[in-house]
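Please look over the notes below with the sequence and the 3D view side by side. Each numbered point takes up one topic and can be checked against the picture.

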Amino acid sequence: MSLPKARKINAEKYLPGLSLFRQKYAKVKLSANESALGPSPRAIKEYTKASKDILRYPDADGNFLKKTISKKFKINFDQIILGSGSDQIFELLCKLFLKKGDEVIVSQYSFIIYRIYSRITGAKVLFAKEKNYKISIKNILSKVTNKTKIVFLANPNNPTGTFLNKKDLLYLRKKLRKNILLVIDDAYNEYVKDKDFSSGLTLFSKSKNVVVTRTFSKIYGLAGLRVGWGYGPKYILKVLNILKPPFNVNRAALFAASAAINDTSWLKKEIKHVRRWSKILYYEFKKLKIETNKSGGNFLLVNFNKIKRDSKEIFQKLANNGILVRRMEVYGIKNSLRITIGKSKENKKLIKVLKKLINV
Ligand SMILES: Cc1ncc(COP(=O)(O)O)c(C=O)c1O
């Protein structure tokens, strides 16, 4: 018996942040940019309530959550799609728009998922060089050819933490050919304080050629439930909603996310905590001569060149002390680690262990 020939997939497998180290759970997990304070108690309550009803299918389209999102952000209900994480929205967009021979542009240190899903369709991924770990619009535009179909960018970007301001984003959309889809990943937008910053959703909710994605995995603390959403022009969203698997967001996730989105005071607490610790860690790293940048997200990218230490060794030693962070080799960022801002106790432990490792 011979099976049909499987298609060759020319894409790498996504490697998630570790939660185990040598088969033991790391006590302090700062490797996946999850929320520091966790989900709103209101979300947990809804999750627990929903657990009593798991024999029932979820609403196939998640209409209740879509209504909540629509009301919260004052956006059109029928231009929203829910995904099993925002990951699934990227996957669906690639499925819908890309085929072999097409081109996608991402920036040099962009979130890895974009290149994976693009390559699975057979499309070619072009990388636009960054300047000081920041997306360069000029370099993105220089990569455009008549085969370009999609430009993906996260704002702020993971793993660099840098972001483009409002003027830059509007300029990029203006200069890109109209029939190129711009996908703006708003995963970390809530954490940015800068007054020149505007989220993709704020800037492009009326656009005809931009799709914006959001997630419940970061600020809302629901990474384990896998919920994200996308917003874009009606004609695209109509097809995406046909393409999406029915029941792609589970029942408990739908209820928990609907509660989380309305707990504004919990979100404010998380934002305040992350901004405060972002500053503290920035200065603590500087004192240790570990280079870092001011991040717009809930994580910091740190480099060990200045102190002539090897990031692999630091990673290992942190892990031996029960602290997991993220290695950056897959992103092509040398001698660096990405560290998520954790709870106060976890951040204090991180500083203490780093000081010990670096001998100051
Ligand atoms: C920039 C960016 N976008 C999207 C995601 C994934 O989000 P989700 O959990 O909604 O799939 C991440 C997760 O690390 C991210 O860093």
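1. K66 is found in helix 2, which covers residues 63-73; helices here are DSSP runs of H or I with at least four residues, strands are DSSP runs of E with at least two, and both are numbered from the N terminus. K66 is buried yet has no salt bridge, where buried means under 20% relative accessible area, exposed means over 50%, and partly exposed lies in between, with a 1.4 Å probe and protein chains only. A salt bridge is a side-chain nitrogen of Lys or Arg within 4 Å of a carboxyl oxygen of Asp or Glu.

2. Which side chain of opposite charge is nearest to K66? That side chain is D61, at 5.3 Å, with Lys and Arg counted as positive, Asp and Glu as negative, and His and the chain ends not counted. Leaving aside neighbours within four places in sequence, K66 is in contact (heavy atoms within 4.5 Å) with D61, F77, I80, L82 and N241.

3. A word on the basis of these values: this is a predicted model, in which local features need pLDDT of at least 70 and side-chain atom pairs count only at pLDDT 80 or more, while totals for chains, interfaces and linings use all residues. Residues are numbered from 1 along each chain as its sequence is written, and side-chain values use heavy atoms, with hydrogens and water left out.

4. The structure holds 14 salt bridges, and one of them joins K29 to E34, whose closest N and O atoms are 3.1 Å apart. K29 is partly exposed at 25% relative accessible area, and E34 is likewise partly exposed, at 31%.

5. Another salt bridge links the side chains of D102 and K149, at 2.8 Å from N to O. D102 lies in the loop between helix 3 and strand 5 (103-107), whereas K149 belongs to strand 7 (residues 148-154), so the pair ties together parts that are 47 residues apart in sequence. D102 is buried, with a relative accessible area of 3%, while K149 counts as partly exposed at 27%.

6. Within helix 10 (residues 264-287), E284 and K287 are 3 residues apart, which is about one helical turn, and they form a salt bridge whose closest N and O atoms are 3.3 Å apart. E284 is buried, with a relative accessible area of 14%, but K287 is exposed, at 58%. Elsewhere, salt bridges that share partners join K99, D102 and K149 into one network.

7. Why do the buried residues of helix 8 line one face of the helix? The buried residues of helix 8 (residues 234-243) are I236, L237 and L240. Seen down the helix axis, they fall within an arc of 90°, so they line one face; the arc is taken from the directions from the helix axis to the C-beta atoms. On the other side of helix 8, Y235, K238 and I242 are exposed. What covers the buried residues includes strand 4 (80-83), helix 3 (86-97), strand 8 (181-185), strand 9 (210-215) and strand 10 (228-231).

8. Finally, the ligand: of the 13 residues around it, S86, D185, Y188, T215 and S217 come nearest, a residue being near if one of its heavy atoms lies within 4 Å. A polar side-chain atom of D185 lies 2.5 Å from a nitrogen atom of the ligand. Polar side-chain atoms also lie by ligand oxygen atoms, that of S217 at 2.6 Å and that of N158 at 2.7 Å.

Methods. Polar contact = N/O pair within 3.5 Å; in protein donor to acceptor, adjacent residues only side chain to side chain.
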